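Hi,

Here is the model I promised to pass on. Have a look at it first, and then read my notes below.

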Amino acid sequence: MIEAVGLTKRYGAKTAVYNLSFQVRPGAVTGFLGPNGSGKSTTMRMILGLDNPTAGQVTIGGHPYRRLPNAPRQVGALLDAKAVHGGRHARNHLLSLAQLSGIPARRVDEVLGVVGLQEVAKKRSKGFSLGMGQRLGIAAALLGDPQVLLFDEPINGLDPEGILWVRNLMKALAAEGRTVFVSSHLMSEMAVTADHLIVIGRGQLLADMNIRDFISANSADFARVRTPDSEPQQREKLTSALTEAGGQVLPEQDGALRVMGLPLPRISDLAHDADVRLWELSPHQASLEEAYMRMTQGAVDYRSTSDQRAGLQQELPPGAMPPVQVPVPGQGQPGWYAPPPPQQGGQPFAMPQGQPAGPYGAPAAPGGPGEPNPYAQAAPAPHAAPDMTKPEDAR
Amino acid sequence: MATTQVVRSEWTKIRSVASTVWTLSLAAVVTVALGMLISLLSRNEWDSMSTRDQLFFDPTYTSFAGMSLGQLAMIVFGVLVVSNEYSTGMIRTSLAAVPQRGTFLFGKIAVATGLAFAVGLATSFLAFFVGQTTLGEHSASIGDEGVLRAVIGGGLYMTLIAVFSMAVATMLRGPMLSLGILMPFFFLISGILAAVSATEKIGRFLPDQAGNKIMQVVPPVDDDTPYGPWGGLGIMVLWVVAALLGAYAVIKKRDA
């Protein structure tokens, strides 16, 4: 069990983690999600006692890591697959770590077998691919047969076979009653690996819930309805009929309609009553990726813009047509992934406002109640981009 | 318990990287070879030397002339032992395994120090005997007064240089920054301070100049150094201890 209470970390003026409280329970794979720079790795380092929190604390089994008896036998971690001296053999790398933790050398050969690196055990890790490095890092985490495991981006660079292996490994470790805490950016993988999610953005907790609850809470299931492309008036007709019946209708980019608040059979009935033919009527269940994107869209620090290529623009020869810019999903289009929020007029997601008492009785803001939440102002306003194809603006 | 674990682990680490062998053998080869060269030159120039110089000729110290260059390889060894952890990021894995950072730091430095002492002592003896053989009739004998002290002192000097570098590298973390500060410190600053009479007296208290004293058997002309051979080594030890305390304070508090 990992428990963080009011965890805060500042680097000078920058606040990396702010008032973070969560629990990671044994017997489940807990996914740790958040945009780049949201404080995931900082949190992991604080769990391992590598960085000292500015305020608050994080404990493993009730002890801060640095006071944990026999820590390396209780906690295993993969922080950075590249954190290996390239000139050292894989086996010697693991051997030095095993000796450091008082683990017999026999165990080194065991874990090399577990991660499938026996063949290259005597090779310098300099020549390892990213995937092999990840395997070596996972081997190091498994060395002490620990009850608590932390993995920071363990599947980056792995081949499909390796990804499947890691997925099954995580699940198996959790099934044995261990605490497994995994950060990743690969949503599709998280969706099938994790049981529970902790999502942070800009160093603050955005969500701490079961993965199924997370998806349904942060996305609206909707129906996609398509009327014949050739008859736009049918589309208008259906839109007004559905809106009258209490549904929420938004245009999709490809001309279809996104309908919320009405069950599929009801949509079909309404269309029939309005004498509108349907080319498509399909249920749409949001993916973890969509739910995640919607939750974190306001907490993304590093966002790409669409490539104007203005710096490369040359005078077009007379008569030539400028190249058509095809919009890239997600690029320069904040909220592209985001269906509108389930609640009307609400914040697009539950960015903490003010200082609510933490779910674990966390203290209010470290540094006294008078201190304003540095992120309260930064809570994102709904995007006000002029692009009319975006669902938010259609509201 | 934790100490023996750290020592065993550090021994595995230090013997499994190529830089250990390279830096230490370079330190030995450069020291011995350059000492031999200077000894050879001294022997050939003997007749053209002034009587004063002949009178104050120190065959032991002459055979250690290569140490001024060989110590640079020792500095690199000391820096790399520590900064390898930081430049690769291993330090996080290591400190996660040994949350007692003092134990980790001193275990690591102890292993590297032991190795540096073994190599330094062997180098010192080798440099002495090779140098004396080259000097021929002007040579000193290991049984002469103060000679054994100077030879063992040569090994201690090289060891202390390495330890000082380890401590500085722990504070600075990066290999480039550490070498960029240590190399000029030992190669330029003490030379510059010694060249100007006003600062000469300050320069004498730098670790390398103070430590050098232990390798002298015949004191130079007009020697007014306020400390003896062991006093000089003591000053160097104080520098090393201060650097180690700094390293300990830093690693204890700093985020890894």
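Let me start with confidence, given as pLDDT (the predictor's confidence in each residue, from 0 to 100). Within chain A of this predicted model, the best-scoring element is strand β7 (residues 179–183), at 96, and the lowest is helix α12 (residues 391–394), at a mean of 41. Helices here are DSSP runs of H or I with at least four residues, strands are runs of E with at least two, and both are numbered from the N terminus. Over residues 340–395 of chain A, pLDDT stays under 50, and the model has 80 contacts beyond four places in sequence for that stretch. Two residues count as in contact if their C-beta atoms, placed from the backbone, lie within 7 Å. Where pLDDT is low, the predicted coordinates should not be read in detail.

Chain A averages a pLDDT of 81, with 80% of its residues scoring at least 70. For chain B the average is 91, and 100% of the residues score at least 70. The ipTM is 0.88 and the pTM 0.79.

Some bookkeeping: residues are numbered from 1 along each chain as its sequence is written, while chains are lettered from A and ligands numbered from 1 in the order in which they are written. As this is a predicted model, local features need pLDDT of at least 70 and side-chain atom pairs count only at pLDDT 80 or more, but totals for chains, interfaces and linings use all residues.

Now the chain A sheets. Strands pair if DSSP finds at least two bridges between them. One open sheet has 3 strands in the order β2-β1-β4 (chain A), with antiparallel pairing. β2 (14–24) and β4 (55–60) of chain A are at the edges with a single partner strand each, so one side of each has no neighbour in the sheet. Strand β1 (residues 2–11) of chain A and β4(A) pair over 5 bridges, and Ala4(A) stands opposite Val58(A) in β4(A). Helix α1 (residues 40–47) of chain A packs on this sheet, where it touches β1, β2 and β4 of chain A, and its direction makes about 120° with that of β1(A). Axes are lines fitted to C-alpha atoms, for helices over the stretch in contact, and angles run from 0 to 180 degrees between N-to-C directions.

The other open sheet I want to point out has 6 strands in the order β5-β6-β7-β3-β8-β9 (chain A), and its pairing is mixed. Its edges are β5 (75–78) and β9 (204–210) of chain A; each has a single partner strand, so one side of each is left without a neighbour in the sheet. Inside it, strand β3 (residues 28–33) and strand β8 (residues 196–201) of chain A pair in the parallel sense over 4 bridges, with Thr30(A) opposite His196(A) in β8(A). Helix α11 (residues 288–296) of chain A packs on the sheet, touching β3, β8 and β9 of chain A, at about 30° to the direction of β8(A).

How do the chains meet? 28 residues of chain A are in contact with 23 residues of chain B. α3(A) gives the most to the chain A side, with 6 residues.

Finally, chain B: the unreviewed UniProt entry annotates "transmembrane region" at several spans, including residues 61–83 and 150–172. UniProt positions are in the numbering used here, feature names are shortened, and annotations may be inferred rather than shown by experiment. In the model, residues 150–172 of chain B are 100% helix and 0% strand, with end C-alpha atoms 32 Å apart.

Cheers
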